[in-house]
Amino acid sequence: MKFFVTAAALVSLVPAILAATINTPTNVVECEPIQFTWTGGQAPYYLSLIPAGQPSANPLKTFPSQTGTSYSWTVDLQSGTALSAALKDSTGAIAYSDKFSVMAGTSTSCANTTVSEGGGSGSSSGGSSGGSSGSSGGSSTSGSGSSPSGSS
Ligand SMILES: *[C@@H]1O[C@H](CO)[C@@H](O)[C@H](O)[C@H]1NC(C)=O
């Protein structure tokens with residue numbers, strides 16, 4: 001019974017939401033920024049990059065959830081990598097872009113295999129917390145004082 005009610009509610013909602021579509025990025029060059037843009041759907045959006053045409057493969061990149069309809073990313077995958085962008089919205093619907101490939105640029109120094117991008121999780125200045133124990137061990141003498149200065 002409850003299931004039926006839920007399904008009916010969903011049906012009444014669906015026509016109000018236009019399915020998301022994500023644009024296929026162009027000029028994807030290693031180490032240069034590109035912008036993903038999309039329309040429709042419902043925030044928040046979950047953007048990821050998957051191997052081209054393989055929706056069930058593990059994503060190569062995942063990005064923090066977005067409330068806007070665009071996301072800039074510095075291409076840090078190797079040239080030659082074939083990708084599709086996958087955009088899931090808050091309804092769970094997933095839109096895919098066409099396939100695109102990373103082109104070689106003037107630099108390869110940014111290649112980064114880390115899957116989870118951006119979001120600033122921990123990378124910024126943190127690390128000041130806790131762990132101060134041990135610095136206070138004042139009971140030990142400085143050591144050198146116990147030995148006689150002139151050993152010979
Ligand atoms: C790779 O990207 C992650 C997430 O953006 C970042 O934390 C990490 O420092 C990067 N590694 C290199 C080698 O640039």
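Me: What average pLDDT does the protein chain have?

Reply: The average is 80, where pLDDT is the predictor's confidence in each residue, from 0 to 100. Of the residues, 66% score at least 70. Over residues 121-151 the pLDDT is below 50, and this stretch has 1 contact in the model beyond near neighbours in sequence. Two residues are in contact if their C-beta atoms, placed from the backbone, lie within 7 Å. This is a predicted model, in which local features need pLDDT of at least 70, side-chain atom pairs count only at pLDDT 80 or more, and totals for chains, interfaces and linings use all residues. Residues are numbered from 1 along each chain as its sequence is written.

Me: Which secondary structure elements make up the protein chain?

Reply: There are 1 helix and 8 strands, in the order α-β-β-β-β-β-β-β-β along the sequence. Helices (H or I, at least four residues) and strands (E, at least two) are DSSP runs, numbered from the N terminus.

Me: Where does Cys 31 lie?

Reply: Cys 31 is in the loop between strand S1 (21-22) and strand S2 (33-39).

Me: Why is Cys 31 called partly exposed?

Reply: A residue is buried if 20 or more other C-beta atoms, placed from the backbone, lie within 10 Å of its own, exposed if 12 or fewer, and partly exposed in between. Cys 31 has 18 within 10 Å, so Cys 31 is partly exposed.

Me: Which residues is Cys 31 in contact with, leaving aside neighbours within four places in sequence?

Reply: Among them are Thr 74, Gly 105, Thr 108 and Cys 110. The C-alpha atoms of Cys 31 and Thr 108 are separated by 6.6 Å, though the two residues are 77 apart along the chain.
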